[in-house]
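Please look over the sequence and the model shown here.

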Amino acid sequence: MPTPLTHATVGFAIAAWAQQPPPMRRVCLVAAACAALPDIDYLGWPVAHRSITHSIAFALAGALVATAIFFRSAEWREHRARVAVILGLAFLSHGLLDGLSAYSYGVEYFAPFSPHRFRLWWTPLGDPEGRLTKQFLQEALVVLLPAVVIAWLAFRVRGRQRRANTAAA
Ligand SMILES: [Zn+2]
């Protein structure tokens, strides 16, 4: 059961690489929030956990709404389509990570059209015996740390790419 921090970091890393260089922090931060958002169903929402907020439909709608809210100004016009796709990927990464975990009864990817819960055929995340410390440790090593490194690399490598391009121009 990946924590919100892990989800957010994965969303941040996706946004850092999916943008045209150089990566912009604003896109990364909104993507991080989008990737963590599906777990609002923990907070006493009148819906079951890992149902509608974890669905593909919610990811699409959420990406459009978040793009409209946070990237409304004219300066974003030419980037907006790409930003919407990036935010959609961030949302989808949440359901994907949850689907990789042995914990819970699976994810309702097709809500509200189907209540069927899916779990991916490979569930390396989570401890089958439910030991929390083991889960957190495993998650930190397998998902969180790599995501931090990958995001950091994006800023290093792609920031440099941009400087090289500007120098060549
Ligand atoms: Zn979740």
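In helix α2, the residues that count as buried are Val27, Cys28, Val30, Ala31, Ala32, Cys34, Ala35 and Ala36. Buried means that 20 or more other C-beta atoms lie within 10 Å of the residue's own; exposed means 12 or fewer, partly exposed lies in between, and the C-beta atoms are placed from the backbone. Helices (H or I, at least four residues) and strands (E, at least two) are DSSP runs, numbered from the N terminus. This is a predicted model, in which local features need pLDDT of at least 70 and side-chain atom pairs count only at pLDDT 80 or more, while totals for chains, interfaces and linings use all residues. Residue numbers start from 1 along each chain, as its sequence is written.

The cover over the buried residues of α2 includes α1 (4-18), α3 (56-70) and α4 (80-99). Contact here means that the C-beta atoms of two residues, placed from the backbone, lie within 7 Å. Helix α2 itself runs over residues 25-36, which makes 12 residues, and it reaches 17 Å from its first C-alpha to its last, close to the expected 16 Å. The expected span is 1.5 Å times one less than the number of residues in the helix.

How does α2 sit against its neighbours? Two packed helices are described by the angle between their axes and the distance between the axes. For α2 and α4 the angle is about 35 degrees and the axes are 8 Å apart. Axes are lines fitted to C-alpha atoms, for helices over the stretch in contact, and the angles run from 0 to 180 degrees between N-to-C directions. On the α2 side the contact is made by Val27, Val30, Ala31, Cys34 and Ala35, and on the α4 side by Val83, Ile86, Leu87, Ala90, Phe91, Ser93 and His94.

Leaving out residues up to four places away in sequence, Leu87 touches Val30, Ala31, Cys34, Ala63, Ala66 and Thr67.

Helix α4 also packs against α1, where the axes come within 9 Å and cross at roughly 140 degrees. The crossing of α1 and α4 is right-handed. From α1, the residues that meet α4 are His7, Val10, Gly11, Ile14, Ala15 and Ala18, and their partners are Ile86, Leu89, Ala90, Ser93, His94 and Leu97. Helix α1 is largely enclosed by the rest of the structure, because 11 of its 15 residues are buried. Among them are His7, Val10, Phe12 and Ala15. From its first C-alpha to its last, α1 reaches 21 Å, close to the 21 Å expected.

The loops hold several local features. Between α1 and α2 lies Pro22, and the peptide bond from Pro21 to Pro22 is cis, with omega near -5 degrees. Pro22 is partly exposed, with 18 other C-beta atoms within 10 Å. Not counting residues up to four places away in sequence, Pro22 touches Arg158, Gly159 and Arg162. A cis bond also joins Ala111 and Pro112, with omega about 0 degrees; Pro112 lies in the loop between α4 and α5. In the loop between α2 and α3 is Arg50, a residue other than glycine with a positive phi, near 60 degrees. Arg50 counts as buried because it has 28 C-beta neighbours inside 10 Å.

For the chain as a whole, there are five helices and zero strands. Of its 169 residues, 36% count as buried. The C-alpha trace spans about 55 × 35 × 25 Å along its principal axes.

How values were computed: A crossing is left-handed if the near helix is turned anticlockwise from the far one by less than a right angle, and right-handed if clockwise.
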